[in-house]
Amino acid sequence: MYHILFLGYFQDLAIDATTTVGVEVGQGLRDVDIKNYIKVEKVPGGQLEDSRVLKGVMINKDVVAPGKMRRKIVNPRIILLDSPLEYKKGENQTNAELLKEEDWSLLLKMEEEYIEELCMQILKFKPDLVITEKGLSDLATHYLSKHGVSAIRRLRKTDNNRIAKACGAVIVNRPDELQESDVGTGAGLFEVKKIGDEYFAYIVDCKEPKACTVLLRGASKDLFNEVERNPQDAMSVARNIIKNPKLVPGGGATELTVSAGLKQKSSSIEGIEKCPYEAAAVAFEAIPRTLAQNCGVNVIRTMTGLQGKHANGEN
């Protein structure tokens, strides 16, 4: 029921999403990667008409320290990391022999200096938002919040890739390798919103986003289960049209055209060699004949009329 009522609405969402992430690959061709750069996010609540395409990324995360870090930043400078901002843990079991009280203080000081150095390497680029796929220690959180920087930790790799595509940032493996060109400045707004009982971070209003999020709203999960496939199918069709903008008519019209062409070809061939053409022509007529039977119309009269029109070039 719902997928019929909102079929046109899903078409608009699919076209908007696929044209957003399409990239030129040369020679007038475009590539659309809907698997990696378009995510369908289902959030219960609201009406199905509230669904929309976000020109950016939405993730189910909140900032690390909500009371100390900003939840709304306009035109943020974003740094994406693939490394932890915490003290390195030993790969194997590590033993430390402490003989004096000062040794313990020295150990803690070394850890603090290491974390501070990591944070200073990041802060010299004046970011507004730092996102890492790994952990973020309390000490690093303190240094970042002290300088007015918001942070999100333990993000999925796929989400980090989509943020990079949306805001123009480059994912960096080590903070000491950071460059100014790695900072993402393409996003227009970073904002954390509470929907229901969960917090969602929006990185939207991007200038030239090559990744987007399709936000689906609905009254219940049963509704999502009913319409879940429709956006995916619509985006797949839109992607195919963008990559290869050619269409063929349905309803058996293409098969009857091929059948008429084979019959015309067989009439110019003498002897037994014409038989394969005629057999193939009859085989192609099975599709429109089956459709006519399913519709409940007069099959013989319908097929005769269609064959006559195709033979006269009225297709």
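Asn298 counts as partly exposed because its relative accessibility is 40%; here buried means under 20% relative accessible area, exposed over 50%, and partly exposed in between, with a 1.4 Å probe and protein chains only. Asn298 sits in the loop between α11 (286-295) and α12 (299-311). A polar atom of the Asn298 side chain lies 3.3 Å from the backbone nitrogen of Ile300. Asn298 and Lys210 are 88 residues apart in sequence, and their C-alpha atoms are 51 Å apart in space.

Before we go on, a word about the model. It is predicted, so local features need pLDDT of at least 70 and side-chain atom pairs count only at pLDDT 80 or more, while totals for chains, interfaces and linings use all residues. Residues are numbered from 1 along each chain as its sequence is written, and side-chain values use heavy atoms, with hydrogens and water left out.

**The whole protein**

The protein has twelve helices and 13 strands; these are DSSP runs numbered from the N terminus, with helices (H or I) of at least four residues and strands (E) of at least two. Its radius of gyration is 30 Å, whereas a compact globule of 315 residues would have one near 20 Å. That radius is taken over C-alpha atoms, and the globule rule is 2.2 Å times the number of residues to the power 0.38. Along the principal axes, the C-alpha atoms fill a box of roughly 105 × 45 × 40 Å. Buried residues make up 38% of the 315 residues.

**Inside the cores**

The largest nonpolar core has 43 residues, and among those with the most contacts inside it are Ile78, Ile163 and Ile203. Helix α4 (residues 101-123) gives the largest share of this core, five residues. A second, separate core of 19 residues includes Ala14, Leu223, Val227 and Met235. A nonpolar core is a set of buried Ala, Val, Leu, Ile, Met, Phe, Trp, Tyr and Cys residues joined through side-chain atoms within 4.5 Å.

What does Ile163 contact, leaving aside its neighbours within four places in sequence? The partners are Val57, Ile59, Leu80, Ile131, Leu155, Gly168 and Ile203, where contact means heavy atoms within 4.5 Å.

Ala187 is in the loop between β10 (171-172) and β11 (189-195), and Thr20 is in helix α2 (residues 7-21). Are they buried or exposed? The table tells you.

| Residue | Relative accessible area | Class |
|---|---|---|
| Thr20 | 9% | buried |
| Ala187 | 1% | buried |

The C-alpha atoms of Ala187 and Val204 are separated by 6.0 Å, although the two are 17 residues apart along the chain. Thr20, with neighbours within four places in sequence left aside, is in contact with Lys55, Pro209, Lys210 and Cys212.

Asp82 has its place in the loop between β7 (78-81) and α4. A polar contact of 2.9 Å joins the side chains of Asp82 and Lys134. Such a contact is a pair of N or O atoms within 3.5 Å; within protein, one must be able to donate a hydrogen and the other to accept it, and residues adjacent in sequence count only if both atoms are side-chain atoms.
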